[in-house]
Amino acid sequence: MKITAVITTIVCCLAVSGYVYAYAGDGSNLWLPGPEKGNASVLLSAKSTPTTDIAVRELSDYWNGGKVLLEIKKDKESKRDSYRINKSDGTTTITAPSDIGLLYGTYRLLQMQQMGRTSGDIAISESPFHDIRLLNHWDNLDGNSERGYAGRSIFWNVRGFPDAIGENDMAGIANSPLNSEKYARANASLGINGTVLNNVNASPKMLCTEVLEMAAKYADVLRPYGIRVYLAVNFSSPVVVGGLKTADPMDKEVQKWWKAKAREIYDLIPDFGGFLVKANSEGQPGPMDYGRTHADGANLLAGAIRPYGGIVMWRAFINNPTDPDRAKQARIEFEHLDGQFLDNVIIQVKNGPIDFQPREPFNALFGALNHTAEMPELQITQEYLGQANHLAYLGTMWEEFFDEVRQYADYTRHQLSGRYNAIAGVANTGTDADWTGHPLAQSNWYAYGRLAWNPNLDAETIADEWTSLTFPELNESQHSTLVSMLMRSREAVVDYEMPIGLTHQFGDSHYAPGPWDNRPIRRDWLPVFYNQADADGIGFDRTKATGTDNTSQYHPDFGNVMEDISSCPDKYLLWFHHVSWSHRCQSGRTVWEELCYHYQNGLNEARDLQRQWNSLEGAVDTDIFHDVKIRLMTQTRDAQWWKDGSVLYFQSLNGMPFPDFLEPPVHTLEECKNSNLNVGLYRSPGHEELNRVR
Ligand code: GCW
């Protein structure tokens with residue numbers, strides 16, 4: 001260890017005694033500390049950098065626990081981003097091998113203070129599990145955000161686009177120092193260290209020089225916070241932007257084009273992180289258009305940016321009708337290519353095999369590759385979980401995923417055997433004042449960041465932290481109420497939308513119920529394909545014995561349990577099995593009763609979430625209270641549509657009476673099929689009210 005310079009910064013402020021941080025009325029402050037109340041004297045024992053400057057400033061502004069020493073100590077064992085915090089005898093020391101480690105330690109210390117956990121001695125040591133912790137923004141250059149429910153893109157609003165590339169006159173983070181700072185702080189406070197600035201359905205124009213210059217501005221803003229910029233790229237860019245005749249990866253001119261583009265990018269953004277690619281999926285171009293493989297395509301790009309240390313994240317979400325069972329597709333497409341990818345390629349795999357549904361087993365591609373790095377892609381934005389209208393804390397869903405892959409897919413080995421160990425989350429941010437549309441959906445951004453740092457954390461610990469940081473004004477019982485709301489919320493959505501392993505029962509909007517949907521479009525996009533319901537039974541047979549043999553794609557410890565109907569847990573029953581309506585579930589109820597039970601339970605839970613929230617009136621900020629209250633009303637009304645529509649439709653097939661415990665539907669099946677919910681987003685009852693309140 002060598003200290004290259006010692007710079008001392010001492011800032012003293014008067015502590016404002018008895019002050020409680022309050023949740024800002026518009027929710028814009030996220031979980032961050034504020035307003036200022038520091039009384040720290042900060043001693044930096046290291047060379048000052050833009051990153052240490054931030055650490056010193058944050059501590060000076062917000063730490064009220066006396067002296068803090070920041071020191072850099074390099075050692076071979078510690079990861080660059082790691083840190084240690086020690087507090088005893090009134091002095092607190094943050095030690096890290098790098099300036100960014102110091103900043104992470106700083107934010108952790110401030111969070112501990114916000115949570116009231118700094119009164120005694122502290123001795124903690126933290127090191128991230130994933131080295132690359134990314135947000136993916138599905139933001140388009142025209143300012144729209146695909147599956148974004150919190151306003152428009154925070155990065156882009158390119159004037160004249162798509163016909164021309166004018167100024168990027170977004171009031172987004174580049175042009176708003178306040179917001180750029182907030183975005184960067186929020187991410188750094190969780191350890192998120194990379195961001196993909198644009199949609200995976202990428203415009204080729206992303207690689208025009210003018211746009212790259214805009215990206216470079218973002219990189220400059222984010223760099224001191226340890227956040228690298230990455231871009232999603234369109235495989236046809238050499239044709240559309242470069243004017244070449246082909247984008248064939250084996251073509252010499254194409255290879256030259258990507259190399260030159262890589263050099264141009266690194267000249268503008270020396271620490272550019274790399275490319276994210278969606279190829280040959282849902283109409284996107286890719287190497288298969290030229291008879292090449294995913295490996296050929298990925299290596300083309302990886303080869304171009306390898307000299308600069310960049311990576312390529314090649315998505316495994318290949319949504320094409322090539323196999324009768326879409327759940328099998330990722331593994332089929334990629335397993336045989338293992339060993340053919342350059343070592344700076346990572347295969348980015350959605351947590352589940354279909355598409356970010358409220359509940360899916362893990363994707364069978366996890367654990368299947370021995371020579372290629374894999375990274376999970378989680379979805380923070382709630383495309384299929386009520387979007388910004390419903391409360392669905394996803395920490396519990398992701399905990400379930402990590403538990404499964406740890407147990408059945410050797411997650412640790414497969415992550416660490418690759419040269420890179422990464423994770424991505426599809427962001428839920430937009431231009432809404434509170435960033436996430438639903439004020440409580442901030443908890444999902446927070447939970448993703450915490451799990452990216454440490455996937456062994458449990459969902460309740462994270463919910464508890466987030467609640468303390470965001471609503472410090474709550475007393476103990478109010479705090480427990482909110483934590484319990486978060487913890488129950490995702491299961492409630494599963495129950496009213498698609499219980500016991502049903503999946504993709506949505507109408508077109510990915511919001512409203514549509515189990516009857518049988519339009520003349522691709523079969524594997526339709527709810528009737530996924531529920532396979534008829535007069536006799538329901539469920540998708542993925543068994544080896546009689547179905548699509550998806551179970552054999554898994555490690556036998558998982559696959560065999562799912563294959564055997566007597567051991568398959570109820571939560572995955574209709575995912576793996578087609579059963580008769582009178583089949584007995586593990587719960588002891590028949591499948592018909594079990595379905596009705598869960599739909600009813602989902603509705604009951606939605607009502608209960610409302611009741612719980614209403615008990616917090618007066619305890620939380622009035623605007624936030626009313627905003628969430630109206631959203632919960634909307635959620636309850638939607639849960640009613642989901643429950644009524646689903647039980648009435650399935651009853652129309654099986655002709656069975658409703659169990660006694662089921663509340664009689666208040667809507668008819670016809671009404672459900674024509675409900676406002678199908679008209680599009682935010683047309684649900686309650687929406688007008690929501691607008692009035694806001
Ligand atoms: O689930 C689907 C979404 C698309 C998305 C696609 C993907 C970005 O409905 O909006 O496109 O997944 O992940 O590529």
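Mentor: Gladly! Let's begin with surface: accessible areas come from the Shrake-Rupley method with a 1.4 Å probe. For the protein chain in this predicted model, the accessible surface comes to about 24,800 Å². Carbon and sulfur atoms hold 49% of that surface.

Trainee: What makes a residue count as buried, and what percentage of the 694 residues is buried?

Mentor: Buried means under 20% relative accessible area. In the protein chain, 62% of the 694 residues are buried.

Trainee: How do you know that the radius of gyration agrees with a compact globule?

Mentor: We set the value against the globule rule, 2.2 Å times the number of residues to the power 0.38. For 694 residues, that rule gives a radius near 26 Å, and the protein chain has 26 Å, so the value agrees with a compact globule. The C-alpha atoms fill a box of roughly 80 × 65 × 50 Å along the principal axes.

Trainee: Which contacts join residues 24 or more positions apart, and what is their share?

Mentor: A contact means heavy atoms within 4.5 Å. Among contacts with a separation of 6 or more, 72% are between residues 24 or more positions apart.

Trainee: What is the average pLDDT, and where does pLDDT stay under 50?

Mentor: The pLDDT is the predictor's confidence in each residue, from 0 to 100. The protein chain averages 91, and 91% of the residues score at least 70. However, pLDDT stays under 50 over residues 1–23 and over residues 679–694.

Methods
Residues numbered from 1 in each chain as written. Predicted model: local features only at pLDDT ≥ 70, side-chain atom pairs only at ≥ 80, totals over all residues. Heavy atoms only, no water. Buried < 20%, exposed > 50% of the residue type's maximum accessible area, 1.4 Å probe, protein only.
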